[in-house]
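Open the model in your viewer and keep the selection tool at hand.

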Amino acid sequence: CSCYTVGLAVATPFKRIEDDVLAVAINLVLLLMFLGASWTTLFDAIEESCEGKAEAILGWGSSDVIVISMSILVGFALALFLIGAVLAARRVAKIKTIRLKKTKQAPELTLAKGLTWHLFNSHIWSTGQDAAAVIKKVLMLLLPGIQVFLDVDDLEDIGALESYIARSQVILFFLSKGYLRSKNCLREIRSSLELKKPIILVQEADPEKGGGSLKELREECPEGLQSAIFDANWPQIVWMRIEEFQIVSLKMISEALLLQTPAYASLKTLPLKVPGELERQRFGFVKPVILWASPANPGARDLANELATTFPGLRVSRAAVTPKGPPPLLRSMSSLRAASARQLGRPSAGPPEATHMLLYLCEATWLDERLEEQVKAARDAGLPIVMAHEKDPDLGGCAFARFFETTPQELVAGGLYRNLAISCFSGRHRKVSLALLAKALGATRRKRKDG
């Protein structure tokens with residue numbers, strides 16, 4: 001019994017740590033009860049045969065003392081293990097691993113019979129090797145026990161690519177420039193399609209790292225494969241290199257992967273979460289924030305309104321703007337002096353028009369000459385400028401390098417872009433973009449009732 005208890009403690013055979021602790025505690029209690037019953041029986045036998053010499057031999061005054069002692073030990077053991085289970089559960093809850101939203105437990109990782117890897121990471125070295133390595137490394141942290149095929153770790157024979165594909169449960173195509181023209185990558189693609197393997201499409205987002213639009217990637221693809229890859233409703237996920245966005249991409253990859261495992265194959269969706277992820281945090285403003293977005297900056301007012309709708313305590317300034325110059329706040333330093341006076345506890349003439357300016361960067365930014373003067377005036381007045389860089393090509397997103405060409409050079413030379421712009425994504429990554437913008441405006445985290 002004692003050996004079995006030790007074995008349980010070492011092997012931890014259950015999915016939940018609470019179950020492992022409970023199993024060890026129960027077996028320890030059974031062991032103590034067995035010892036108590038054995039000593040009681042032995043005490044009574046010696047007492048009967050040796051006429052009162054049991055105390056001298058065993059050190060116990062009576063069998064009742066044995067029972068009471070064992071009861072105290074059992075109670076102490078149960079209390080100790082209960083405290084241990086609570087502490088262990090709290091510690092595990094803080095570890096950043098993927099959990100099921102419904103149960104808050106780690107998902108079950110299963111493989112179909114005869115398979116070796118949960119995921120095969122198909123990529124081209126020139127533009128996808130670093131991202132592929134990160135995907136494997138972080139997935140192994142988020143999903144302990146996952147088996148991911150990566151060429152630098154697992155490839156033994158380049159001639160056996162098709163065999164590796166056959167032994168993998170899900171195939172990830174990392175779409176970057178050159179991938180769909182690579183001879184070996186096309187071998188992996190064709191083998192995946194022939195074997196009817198589930199596919200996950202992951203698209204590089206950064207043009208400087210080999211990223212391209214789906215249209216550009218499709219044009220690289222052999223015509224005979226285009227429909228099977230791009231029109232087959234495979235999960236399509238944009239790969240991000242900023243940590244907060246990357247977690248969202250990895251959760252999407254994990255969900256698509258898990259839905260193809262035997263444990264969850266019957267489900268259509270599998271909501272996941274990661275403890276502490278930005279997407280699930282709630283933000284608000286302790287002090288009122290008034291955000292001004294220039295009508296000369298296309299898209300800025302819409303984004304400002306979206307932020308105000310999402311986060312309590314943020315308002316959008318409705319200050320009028322004329323072609324002759326910036327809004328009233330920026331025409332002089334008077335409002336800034338008034339704000340400083342209020343902070344020092346002195347009376348002021350009236351509330352300022354805004355506390356921050358939002359600069360929305362997209363293809364159409366800087367087409368209106370008024371924006372240059374407004375930004376200059378905001379900087380001269382010391383008004384904080386928070387920049388949002390649109391990433392969605394359908395909304396005018398473009399590479400950041402473009403702004404060094406289109407922005408008035410006086411602003412560039414003056415250090416406008418010294419501070420980083422917040423990436424503004426659509427889809428599943430939108431919540432993270434908004435949260436980062438809110439934090440840049442001074443928002444603080446609020447506790448969630450559901451954890």
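Are α8 and α10 parallel or oblique to each other? This is a predicted model, so judge from its coordinates. Select helix α8, residues 183–194, and helix α10, residues 223–230. Their axes cross at roughly 60 degrees and come within 11 Å. Angles from 65 to 115 degrees would count as roughly perpendicular. α8 and α10 are therefore oblique to each other. The crossing of α8 past α10 is left-handed.

Now show side chains at this contact. From α8, pick Leu186, Ile189, Arg190 and Leu193. From α10, pick Leu225, Ala228 and Ile229. Colour them by type: 6 are nonpolar, 1 is charged and none is polar.

Next, the nonpolar cores. The largest one holds 62 residues. Start from Ile200, Leu303 and Leu307, which touch the most other members.

Centre on Leu307. Leaving out residues up to four places away in sequence, Leu307 touches Leu291, Leu314, Leu434, Leu437 and Leu441.

Move on to helix α17, residues 430–440. How many of the residues of α17 are buried? The count is 8 of 11, so α17 is largely enclosed by the rest of the structure. Select the buried set: Arg430, Val432, Ser433, Leu434, Ala435, Leu436, Leu437 and Ala438.

What do the buried residues of α17 pack against? Two helices are on the list, α11 and α12 (300–310). The strands there are β8 (282–284), β12 (385–390) and β13 (422–424). Step just past the end of α17 to Gly442, where phi is positive, at about 105 degrees.

Last stop: α12 against α17. Their axes lie 11 Å apart, and the packing angle is about 90 degrees. That makes α12 roughly perpendicular to α17. On the α12 side, select Leu303, Glu306, Leu307 and Thr310. On the α17 side, select Arg430, Leu434 and Leu437. This contact divides into 4 nonpolar residues, 1 polar and 2 charged.

Keep Leu307 selected as you finish. Leu307 is among the residues that touch the most other members of the largest core, and it also takes part in the contact of α12 with α17.

Methods
Residues numbered from 1 in each chain as written. Predicted model: local features only at pLDDT ≥ 70, side-chain atom pairs only at ≥ 80, totals over all residues. Heavy atoms only, no water. Core = buried A, V, L, I, M, F, W, Y, C linked by side-chain atoms within 4.5 Å. Buried < 20%, exposed > 50% of the residue type's maximum accessible area, 1.4 Å probe, protein only. Contact = heavy atoms within 4.5 Å. Axes fitted to C-alpha atoms, helices over the stretch in contact; angles between N-to-C directions. Helix = DSSP H or I, 4+ residues; strand = E, 2+ residues; numbered from the N terminus. Parallel < 35°, antiparallel > 145°, perpendicular 65-115°, else oblique. Left-handed = near helix turned anticlockwise from the far one by under 90°. Nonpolar A, V, L, I, M, F, W, Y, C, P; charged D, E, K, R; others polar.
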